[in-house]
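Have a look at the sequence and the model, try each task, and then follow the solution.

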Amino acid sequence: YPSVMQKDIVFSYPKPGERREREEKSIYGIEIEGKSILFFLDCSGSMMGAPYQLLKEELLYMAETMDQSYSIGVVFFPFEEKVSVLEVSQNNRFFKNRLKSFLNHKKVGGPSPLLGAMQYAYGDLIENRYQPIDTLYIISDGHIGNSEARSAIYDLNAVKRLPIHTICIRGNTNFLNGVASDNGGKSYLVQ
């Protein structure tokens, strides 16, 4: 896989209680690309409290400002098949309500390996011909994999070559930056 790392595109993390202008169809002010998007969201122990609350608010805001021409899905990691997947669906009012409930009921905690969630998604979600996915986003604080996981993600994406964009929340960007660079995506740092 490519070894050249790209530079992070940096956005500011909002301060508690701070009012800010929000861009439509964005998360943390980052304009979301794609029309059928699968998000991989970190809900490990390091995301407990304010980081997960803000992530949830940002995702709900993004969905609310997108119309029905978009399709959205979510896979949490750490991954448990029965409670970690909201399949890609048309972004209509019914889906937005399901998304809100799904995010509100997620228990945050545990380790943060991304690879299991990616393997499930490539096996069961991305190959779904009825709801083809065109863009992937990984949102995490960055401590979610090693060089072997990075290589495995590149291999999973070798046929589809979907752009994988990454958003790192105040963490170590090396792994996420590498995944984005390897897979034609952009790497963002929110600090």
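## Exercise 1: a charge and a ring

Task: find what the charged end of Lys 35 sits over.

Solution. The charged end of Lys 35 sits over the ring of Tyr 70, 3.9 Å from the ring centre. The rule asks for NZ of Lys or CZ of Arg within 6 Å of the ring centre and within 35 degrees of the ring normal.

Before you go on: this is a predicted model, where local features need pLDDT of at least 70 and side-chain atom pairs count only at pLDDT 80 or more, while totals for chains, interfaces and linings use all residues. Residues are numbered from 1 along each chain as its sequence is written, and side-chain values use heavy atoms, with hydrogens and water left out.

## Exercise 2: a pair of rings

Solution. 

1. Recall the rule: rings of Phe, Tyr and Trp (its six-membered ring) pair if their centres lie within 6.5 Å; planes under 30 degrees apart count as stacked, over 60 as edge-to-face and the rest as tilted. By this rule there are four aromatic pairs.
2. Apply the rule: the centres of Phe 39 and Tyr 137 are 5.4 Å apart and the planes are at 25°, so this pair is stacked.
3. Helices (H or I, at least four residues) and strands (E, at least two) are DSSP runs, numbered from the N terminus.
4. Check burial: buried means under 20% relative accessible area, exposed over 50%, partly exposed in between (1.4 Å probe, protein chains only). Phe 39 is buried, with a relative accessible area of 0%, and Tyr 137 counts as buried at 0% too.

## Exercise 3: a buried serine

Task: find which side chain makes a polar contact with the side chain of Ser 140.

Solution. 

1. Ser 140 lies in strand S7, which covers residues 135-140.
2. Ser 140 is buried, because its relative accessible area is 0%.
3. Its partner is the side chain of Asp 42, at 2.7 Å. A polar contact is a pair of N or O atoms within 3.5 Å; within protein, one must be able to donate a hydrogen and the other to accept it, and residues adjacent in sequence count only if both atoms are side-chain atoms.
4. Contact means heavy atoms within 4.5 Å. Leaving out residues up to four places away in sequence, Ser 140 touches Asp 42, Phe 77, Ile 167, Cys 168, Ile 169 and Leu 176.
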